[in-house]
Amino acid sequence: MFTEAGCTSALLRPALRLAAAWRIAFPEGGASIPFTIENRGDASGAVHARRELRFPGRRRVMVDAVREHRGLVVDALGTSGRLEVALRVDAVDGALVARSSAVRVRVGGLWWRVPRAIRPRVHLVERWDDTVERQHVDVVVTVPSVGQIYGYHGWFEYEVVSERVAEGGEHYE
């Protein structure tokens with residue numbers, strides 16, 4: 001359950017509508033938003049995530065693929081991976097803390113680094129709470145001279161499910 005999720009800037013909602021079409025982010029905002037997340041690893045070591053948020057009257061899906069590259073975590077966002085965020089990841093007081101260090105976007109087959117003056121900053125904290133046996137997540141996206149533009153905060157319960165792949169590529173448990 002996300003206690004709150006979404007866009008905090010009405011001016012950016014049109015851009016986030018486009019991001020929603022690419023499954024990167026969403027323009028809606030709200031409180032007490034149910035969601036599910038599914039993570040799957042691949043043979044290269046990347047982890048592919050699919051998050052489905054259930055806003056009143058609308059479902060939104062975000063997808064990404066996370067991999068390690070030169071000591072950083074690189075998060076390729078959206079169905080085409082056209083937006084990448086490089087993250088520095090640390091363990092702080094038992095929590096995973098990730099902060100963006102670079103953002104780049106693919107336009108017409110070329111990668112362009114987003115200039116520092118307008119580059120979104122991502123700050124993520126994820127931790128396990130033993131008392132309630134839940135994973136907590138807090139993501140805040142800010143832009144210099146604008147402030148917070150997007151984020152989500154909340155908790156989820158998870159389970160590890162064993163999956164095997166049949167010879168024909170079919171999944172079965």
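This is a predicted model: local features need pLDDT of at least 70, side-chain atom pairs count only at pLDDT 80 or more; totals for chains, interfaces and linings use all residues.
1. Arginine 127 has histidine 136, in strand β11, as its bridge partner. Strand β10 (residues 121–129) and strand β11 (residues 134–143) run antiparallel to one another, joined over 9 bridges.

2. The hairpin of β10 and β11 leaves 4 residues between the strands, and glutamate 133 adopts a positive phi there, near 50°.

3. Strand β10 also pairs with strand β8 (residues 95–107), again in the antiparallel sense, over 4 bridges. Within this pairing, histidine 123 of β10 is the bridge partner of arginine 99.

4. Turning to the aromatic residues, a search of the whole structure gives 5 aromatic pairs. Phenylalanine 35 and phenylalanine 156 form an edge-to-face pair, because their ring planes stand at 75°, over the 60 degrees required; the ring centres are 6.0 Å apart. Since phenylalanine 35 belongs to strand β3 (residues 35–41) and phenylalanine 156 to strand β12 (residues 147–156), the pair ties together parts that are 121 residues apart in sequence.

5. Are these two phenylalanines buried or exposed? Phenylalanine 35 is buried, with a relative accessible area of 9%, and phenylalanine 156 is buried as well, at 13%. Both residues belong to one aromatic cluster, together with Phe2 and Tyr152.

6. Two arginines are placed over tryptophan rings. Arginine 82 lies over the face of tryptophan 22, at 4.0 Å from the ring centre. In the other case, the charged end of arginine 104 sits over the ring of tryptophan 111, 3.9 Å from its centre.

Note on methods. Residues are numbered from 1 along each chain as its sequence is written. Side-chain values use heavy atoms; hydrogens and water are left out. Two strands pair if DSSP finds at least two bridges between them. Helices (H or I, at least four residues) and strands (E, at least two) are DSSP runs, numbered from the N terminus. Rings of Phe, Tyr and Trp (its six-membered ring) pair if their centres lie within 6.5 Å; planes under 30 degrees apart count as stacked, over 60 as edge-to-face and the rest as tilted. Buried means under 20% relative accessible area, exposed over 50%, partly exposed in between (1.4 Å probe, protein chains only). A charge sits over a ring if NZ of Lys or CZ of Arg is within 6 Å of the ring centre and within 35 degrees of the ring normal.
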